[in-house]
Amino acid sequence: MKKIIFGVIAALSLIVTSCSDFLDRAPKDALSPSTFWQSEDDAYLALIGTYNGLNNIYHNGHWTGYNCIMMDALSDNLFDYFSWEGYNVLTTGNITPSNNGVAGSFFNFSDIRACNEYLENEGNINWSTSGLEDQYKAEVRTIRALLYLYRTNWYGDFPLITKTMSLEDSYNQARTPVAEVHKFIESELKDCINALPTRAQVTQGRICKEFAQGLLMRYYLWNSDYADARTYAKAIVDEGNLSLANDYKSMFEVANQYDNETIFDFSFVANTDRDLYGNPFVANGALGGWSSIVPTVDLMDEFECTDGKTIDKSDLYDPTHPFLNRDPRLRVTMVYPGQVYTGYTDSQNGCYNSLSPTINGNNNLDYWNNAGNASKSGLQLGKYFLASNVTPSGLSHMSAHFKVMRYAEVLLTLAECDIELGNLDEGVKYLNMVRRRAGMPDVAVTDQETLRAQVRRERRVELAGEGLRREDMVRWRVDANGKWVASGGTPYIVWKFQHNYCIEHLDGYIEDYKDANGDWVAHVTGRTGGGHNAPQTAFARENFETFTAKNIYWPISQSTIDTNPALTQTEGYK
């Protein structure tokens, strides 16, 4: 009994106060071994402890990182300049068992143990509320399945542990083949769906039926099982409890974040152990930010022009004025030169300007080469860090609700699945639902290859900065000519990093007039960083050429293997 209570206390000790009713209910006193695991209130406290395990996936501590956002730095969407933050080494492919960045912290079982402990002991509760026991168990099992889903994505084979065990036994657990873990994930989520309340029936921060369906949707999509992925995506649509927000920008404002598009969110709560430390994500010049995690110019180029054409085909695109006539989501996703942001002023020389080395004869601390904390691409994150969400005094303790899953992802999954399955009319229907909300023109029904490229671009721009891009790049393949195909060939993430990916930054100046959005117009004179050994190269593509197929999975820390000799190292790593 002591071991049980100790585990629950450990899980609960990290719980924080939240504006949501669910997270508000943290224990006020120490738990008594003689009374715990008896009442429904006890079960509720232990349930909160299992939710706290999601910190390991989405948060990782006030000072160490915000994995839910930073995960896009493992793709071509965002760039992490500072190696000490632990993402850079994973992107370049320079990861080793002794230098594995954040990967070392994810090979973790404390969160899984909390789930196992709950499931082993909830039977001792005197349940009186009809259906509550099954609901709580389904929530815990869904959390455990989520933890295993991400860890198999990152490590492949991973120890499947479904019961608590002694410390001695825990140091003798071998890796379970990924296929076996996947069968467990499928079975668990399918078994939980009907025991969970719908999105319309839950409060903020609680797992709902649609989220379990959505995890199955992701699982099947990530394994290129388009038929099953479509089944679970369509089930969410048919449930009828979700809809697209009216405005793309507003749903990322703090006041509107738990809207009817959100299926499940992870709350950051100001002035607690689970707040959002905003410094890594904002500009240096006016706010003293670190510009650690910034959008790439490569991502900027992916957004279409307002005529629905890519920048290489649209007559509206002007490379000297690249922010004019672009998909409105570009302005939400990133802060680009010319925008008026928190701490900056509404003037030609006062707006955010990462283009000019000097402003009014003074050194510009937002120019890439003038300060370590200046953005190395000239861009800053916008989504979740909109000017309306950021105050200088509250920058170190922000509130935000990260959208772990939202309805637009479901519609884009339906679009992709239908296109891959040859149902082009249906695929275009769902694709256009997302585009219309963004203010973009409809896509016409053409051929499968054209629509495949279209839906993949749409996923990238709609979901940028939401931690899903790496999984997309891993599952997509390219043929010998670099074209995306459904299966076979080289993983797209490897191909892109090795062949046409680099970190560019923009040069230029701010012109003395505004555009229709009220931004000062940026005049770009060139890009630096595009070629091998080019003068003034910021981060050329040779930095990414060490990324190979082995980097799809991560190594286990050598210290972990030393502790548990039953573990074998990930293939390709010594």
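Two strands pair if DSSP finds at least two bridges between them. Helices (H or I, at least four residues) and strands (E, at least two) are DSSP runs, numbered from the N terminus. This is a predicted model, in which local features need pLDDT of at least 70 and side-chain atom pairs count only at pLDDT 80 or more, while totals for chains, interfaces and linings use all residues. Residues are numbered from 1 along each chain as its sequence is written, and side-chain values use heavy atoms, with hydrogens and water left out.

**Stop 1**

**Stop 2: the hairpin of strands 12 and 13**

Go on to residues 505-514 (strand 12) and 520-528 (strand 13), which run antiparallel and are joined by 7 bridges. Show H505 and find T528 of strand 13 opposite. The two strands form a hairpin with 5 residues between them, and G518 in the turn has a positive phi of about 85°.

**Stop 3: strands 2 and 8**

Select residues 262-268, strand 2. Here 7 of the 7 residues are buried (under 20% relative accessible area, where over 50% is exposed and in between is partly exposed; 1.4 Å probe, protein chains only). Strand 2 is therefore largely enclosed by the rest of the structure. F264 stands opposite M405 of strand 8.

From strand 8, step back to the loop between strand 7 (380-381) and strand 8, and pick Y384. Its phi is near 75°, a positive value in a residue other than glycine. Y384 counts as buried because its relative accessibility is 2%.

**Stop 4: helices 3 and 9**

Two packed helices are described by the angle between their axes and the distance between the axes. Axes are lines fitted to C-alpha atoms, for helices over the stretch in contact, and angles run from 0 to 180 degrees between N-to-C directions. Select helix 3 (residues 40-52) and helix 9 (residues 132-155): they pack at an angle of about 15°, with axes 10 Å apart. That makes helix 3 roughly parallel to helix 9 (angles under 35 degrees; over 145 is roughly antiparallel, 65 to 115 roughly perpendicular and the rest oblique). The crossing is left-handed, meaning that the near helix is turned anticlockwise from the far one by less than a right angle; clockwise would be right-handed. Show side chains for the contact (heavy atoms within 4.5 Å). Helix 3 contributes E40, A43, Y44, L47, T50 and Y51, and helix 9 contributes L132, Y136, E139, V140 and I143.

**Stop 5: helices 17 and 18**

Select helix 17 (residues 424-438) and helix 18 (residues 448-462), which pack at an angle of about 30° with their axes 11 Å apart. They are therefore roughly parallel to each other. Helix 17 passes helix 18 in a left-handed crossing. The contact residues are L424, V428, L431, V434, R435 and R437 of helix 17, with Q448, L451, Q454, V455, E458 and E462 of helix 18.

**Stop 6**

Pick N325, in the loop between helix 14 and helix 15. N325 has a positive phi of about 60° although it is not a glycine. At 40% relative accessibility, N325 is partly exposed.

D327 is in the loop between helix 14 (297-302) and helix 15 (328-333). Is D327 buried or exposed? D327 is buried, with a relative accessible area of 2%. Its side chain is joined to that of R329 by a polar contact of 2.8 Å. Such a contact is a pair of N or O atoms within 3.5 Å; within protein, one must be able to donate a hydrogen and the other to accept it, and residues adjacent in sequence count only if both atoms are side-chain atoms. Not counting residues up to four places away in sequence, D327 touches F303, E304, C305, T306, A438, M440 and V461.

**Stop 7: T345**

Finish at T345, in the loop between strand 4 (334-335) and strand 5 (358-359). T345 is partly exposed, with a relative accessible area of 43%. Leaving aside neighbours within four places in sequence, T345 is in contact with V340, G350 and C351.
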